[in-house]
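Dear colleague,

I am passing on the structure below, and I would be glad if you could look through it with the notes that follow.

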Amino acid sequence: MEQGYAVFLLLGVVLVLIDGQLIYRSGRAYMNRAYGDPEAARSMTALATVLFHLVVLGLLALVSIITVNTGDPVKDVVVKLGVVLLLLALVHAVTMMILGRIRDRQLQQQLADEMAEEHRQYEREHNVPSQAVRVEPVPPVDTTRGQPLDTTRVDPTQVDPRQIKTTR
């Protein structure tokens, strides 16, 4: 039984390391297109890969202590490896989704930055006045006392019931 346990752990760790390297190498190329900066893509992919390794190795450790009794030690190892492969596939998919979301956010930010720059360039070329200055409304003032009017109080006789919006 000890030999089956060691074989299971060895095969499981090798599978996790191989899959982790696949995620790291393909993820880095995938993220390079979004970031444009190879160093930023490398560090983001490395963080996701470390998370992947920790989660899957933890699951491998938990599966390794589960007792499977098929009557044949080889079948026991195969059953456990099957469970590990299914978990590995699940965590691999989640990691790919995480990298995809990070990439999508980065691409959206780049697009927003490009659009803002094009808008600024358009304003400069067409002498459009800047929108930076905002005029704030001045509250009404009671001319007899020189103080702001209390606009929170409303005369119920002047309210149109069709204009009232109720919310729950």
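Arginine 103 sits over the face of tyrosine 30, at 4.5 Å from the ring centre, in what you will see is a predicted model.

Turning to the helices, H1 covers residues 2-35 and H2 covers residues 38-64, and their axes come within 8 Å of one another and cross at roughly 160 degrees. Because angles over 145 degrees count as roughly antiparallel, that crossing makes H1 roughly antiparallel to H2. The crossing of H1 and H2 is right-handed, and the contact between the two helices, sorted by class, has 20 nonpolar, eight polar and three charged residues.

The UniProt record, which is an unreviewed entry, lists residues 6-24, 45-66 and 78-99 under "transmembrane region". I looked at two of these spans in the model. Residues 6-24 are 100% helix and 0% strand, with the end C-alpha atoms 27 Å apart. For residues 78-99 the chain is likewise 100% helix and 0% strand, and here the end C-alpha atoms are separated by 31 Å.

Definitions and conventions: Residues numbered from 1 in each chain as written. Predicted model: local features only at pLDDT ≥ 70, side-chain atom pairs only at ≥ 80, totals over all residues. Heavy atoms only, no water. Axes fitted to C-alpha atoms, helices over the stretch in contact; angles between N-to-C directions. Helix = DSSP H or I, 4+ residues; strand = E, 2+ residues; numbered from the N terminus. Parallel < 35°, antiparallel > 145°, perpendicular 65-115°, else oblique. Left-handed = near helix turned anticlockwise from the far one by under 90°. Nonpolar A, V, L, I, M, F, W, Y, C, P; charged D, E, K, R; others polar. Lys NZ or Arg CZ within 6 Å of the ring centre and 35° of its normal. UniProt positions renumbered as here; feature names shortened; annotations may be inferred.
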